[in-house]
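Here are a few notes to go with the model you asked about. Keep the structure open while you read them.

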Amino acid sequence: MRALVQRVSHASVTIDGEVHGKIGQGFLVLLGITDGDTEDDAVYLADKTVKMRVFTDENDKMNLSLLDIGGGMLVVSQFTLYADCRKGRRPSFVNAAAPAEADRLYEYFQQSVKNAGVAKVEHGKFGASMQVELLNNGPVTIMLDTDEIMPKK
């Protein structure tokens with residue numbers, strides 16, 4: 001499971017001309033799911049994300065988490081995070097999970113974020129054509145991949 005996490009001053013997702021999800025200060029998370037991802041991946045990634053200390057404290061040091069600042073999270077499904085661009089000019093997406101399983105884990109990730117204590121969790125619509133608007137604060141953009149950061153069993 002991959003999450004492209006962007007620290008934002010605000011972010012929104014619009015579908016068919018209507019705002020579907022909107023947050024103020026917090027994280028915009030583009031979430032990609034691959035074959036073999038599990039609920040354990042979703043829980044681990046949610047916990048890692050909400051506790052990641054990238055918001056500035058009173059000394060202007062990145063020392064506070066999303067929970068510390070009471071920020072929101074906007075989660076947008078992003079199968080293109082599993083694009084394979086090694087051959088040709090058109091990316092392959094064979095590494096992205098099947099839609100039904102990806103949607104289930106996308107929802108599970110959002111619930112895991114709520115369970116971790118984030119009060120405002122907004123989202124896009126799985127499989128929809130969306131327009132995402134954000135003001136990246138910093139800019140701070142971090143890629144998290146459970147294949148790399150999650151302890152192996």
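1. Let's start with the lining of the largest pocket: its residues split into 14 nonpolar, 4 polar and no charged. Bear in mind that this is a predicted model.

2. Now for the pocket itself. The largest pocket has a volume of about 340 Å³. It is lined by 18 residues, and those closest to its centre are Ser77, Gln78, Phe79, Phe126 and Gly127. Strand S3 (26–32), strand S6 (72–77) and helix H3 (99–115) are the elements that each give two or more residues to this lining.

3. Next, have a look at glycine 24. You'll find glycine 24 in the loop between strand S2 (18–23) and S3. Is glycine 24 buried, partly exposed or exposed? Its relative accessibility is 36%, so glycine 24 counts as partly exposed.

4. What does glycine 24 touch, if you skip residues up to four places away in sequence? The answer is Val8, Ser9, His10 and Ala11. Also try finding glycine 72: 48 residues separate it from glycine 24 in sequence, but from C-alpha to C-alpha the two are 6.7 Å apart in space.

5. Last, aspartate 57, which sits in the loop between strand S4 (55–56) and strand S5 (62–64). Aspartate 57 is buried, yet it has no salt bridge. The nearest side chain of opposite charge belongs to lysine 61, 7.6 Å away, while the cut-off for a salt bridge is within 4 Å. Setting aside neighbours within four places in sequence, aspartate 57 is in contact with Asn63 and Leu64.

How values were computed. Residues numbered from 1 in each chain as written. Predicted model: local features only at pLDDT ≥ 70, side-chain atom pairs only at ≥ 80, totals over all residues. Heavy atoms only, no water. 1 Å grid on protein atoms, 1.4 Å probe; cavity = no way out; pocket = protein on both sides within 12 Å on 5 of 7 lines; lining within 4 Å. Points joined across faces, edges and corners; volume = space filled by probe spheres on them. Helix = DSSP H or I, 4+ residues; strand = E, 2+ residues; numbered from the N terminus. Nonpolar A, V, L, I, M, F, W, Y, C, P; charged D, E, K, R; others polar. Buried < 20%, exposed > 50% of the residue type's maximum accessible area, 1.4 Å probe, protein only. Contact = heavy atoms within 4.5 Å. Lys, Arg positive; Asp, Glu negative; His and termini not counted.
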